[in-house]
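Visitor: I have a protein model open beside its sequence, and I would like to learn how to read it feature by feature. Could you take me through it slowly?

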Amino acid sequence: MLAQCKEQKGKQLSGKNVVRVTGGRPSPDAGEELDRKIMDVATQAFLTDGYAATSVDTIAKTVGCSKPTIYRRYPSKEDLFKAVMHNRCRRLFEVAQEAEFSSREPMVALKELFEQFQDFCLEQETLETYRILVTDARRVPAAANSLSTEIMQPFFERIEMLLARTLQWPDTPQNRKRIQVLSRYIPGFVLQWPMHRALVGVETFNDVEERHRHFQICWEMIEKMIQQVDAPNARK
């Protein structure tokens, strides 16, 4: 009888119904899901409470993981904050790439880029991100500088390239400088008024048609300005 029991137990252990418990790191799918959850919870925490009032301990408790789990991915609270800002603003760079390759006409591509830029900046999460950056830039200068160089700089470079193709000026240091200045001022011309009103809560610009009408008015003036401006060496 004892021998039969041992034989039956051996068959069970060698069968398919045996559950093997493994330790160590989570599976790739579980790891990716945890990464997404950490990013979602951290984003909500920073956007709601700001940088100073957000703690990694609270984020870990909400996620349901340990603080060391977060610190293995992001060595500091500032690194986590930087990752949240990059994740939010990365779409701006993607928008620039899409506009660049969506049309053979650089002026049409510029129009698409600026309107998408306006729509992105007037989203509620983008407005909250902007508020936090303005408020906490002194506390996290490395994060603000990283966002400027890794996201905004490539975005403006796309604008410069499309402006250069549109204007077709001789490639000189002076002309490159003028194009660079234009690439900074035109987005501000499009955004200054609606973003200010959205930030102070006067208007939300949630209506797509309203945003489009505002952009069309701005673009008509921008297009005329671009068409009329001459290179410095073309002036009489």
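This is a predicted model: local features need pLDDT of at least 70, side-chain atom pairs count only at pLDDT 80 or more; totals for chains, interfaces and linings use all residues.

Visitor: How many helices and strands does the protein have, and in what order do the elements run?

Guide: The protein has 10 helices and zero strands, and the elements, read from the N terminus on, therefore run α-α-α-α-α-α-α-α-α-α under the DSSP assignment used here.

Visitor: How does one look for a pocket, and what is the volume of the largest pocket here?

Guide: Rolling a probe the size of a water molecule over the atoms shows where empty space is left. In this model the largest pocket has a volume of about 590 Å³. Its lining consists of 24 residues, of which Phe117, Cys121, Tyr130, Met152 and Met195 lie nearest the centre of the pocket. The elements that give two or more residues to this lining are helix 5 (77–102), helix 6 (106–121), helix 7 (124–136), helix 8 and helix 9.

Visitor: Which helix gives the largest share of the lining, and what classes of residue make up the lining?

Guide: Helix 9 gives the largest share, with eight residues. Sorted by class, the lining of the largest pocket has 17 nonpolar, six polar and one charged residues.

Visitor: Now the aromatic side chains. How many aromatic pairs are there, and how should I read the geometry of one of them?

Guide: Two rings are taken as a pair if their centres lie within 6.5 Å, and planes over 60 degrees apart count as edge-to-face. The count comes to eight aromatic pairs. One of them is formed by Tyr51 and Phe81, which are edge-to-face at 5.0 Å centre to centre, with 70° between the planes. Tyr51 lies in helix 2 (residues 28–53) and Phe81 in helix 5, so this pair ties together parts that are 30 residues apart in sequence. Both Tyr51 and Phe81 are buried.

A further edge-to-face pair is that of Trp193 and Phe205, at 5.8 Å centre to centre and with 80° between the planes. Because Trp193 lies in helix 9 and Phe205 in the loop between helix 9 and helix 10 (208–228), the pair ties together parts that are 12 residues apart in sequence. Trp193 is partly exposed, with a relative accessible area of 46%, whereas Phe205 is buried, with a relative accessible area of 4%.

Visitor: Which residues do ring pairs link into a cluster?

Guide: Ring pairs link Phe46, Tyr51 and Phe81 into a cluster.

Visitor: Finally, how far apart in sequence and in space are Val134 and Ala144, and Thr48 and Ile132?

Guide: Such a comparison sets a sequence separation beside a C-alpha to C-alpha distance. Val134, in helix 7, and Ala144, in helix 8, are 10 residues apart in sequence and 9.2 Å apart in space. Val134 counts as exposed at 52% relative accessibility, while Ala144 is partly exposed, with a relative accessible area of 22%. Ala144 and His86 are 58 residues apart in sequence, with 9.9 Å between their C-alpha atoms. Thr48, which is placed in helix 2 and counts as exposed at 52% relative accessibility, is 84 residues from Ile132 in sequence and 9.4 Å from it in space, C-alpha to C-alpha.

Notes. Residues are numbered from 1 along each chain as its sequence is written. Side-chain values use heavy atoms; hydrogens and water are left out. Helices (H or I, at least four residues) and strands (E, at least two) are DSSP runs, numbered from the N terminus. On a 1 Å grid over the protein atoms alone, a cavity is a set of points where a 1.4 Å probe fits but cannot get out, and a pocket is an open set with protein on both sides within 12 Å along at least five of seven lines; lining residues have an atom within 4 Å of a point. Grid points are joined across faces, edges and corners, and a volume is the space filled by probe spheres set on the points. Ala, Val, Leu, Ile, Met, Phe, Trp, Tyr, Cys and Pro count as nonpolar, Asp, Glu, Lys and Arg as charged, and the others, Gly among them, as polar. Rings of Phe, Tyr and Trp (its six-membered ring) pair if their centres lie within 6.5 Å; planes under 30 degrees apart count as stacked, over 60 as edge-to-face and the rest as tilted. Buried means under 20% relative accessible area, exposed over 50%, partly exposed in between (1.4 Å probe, protein chains only).
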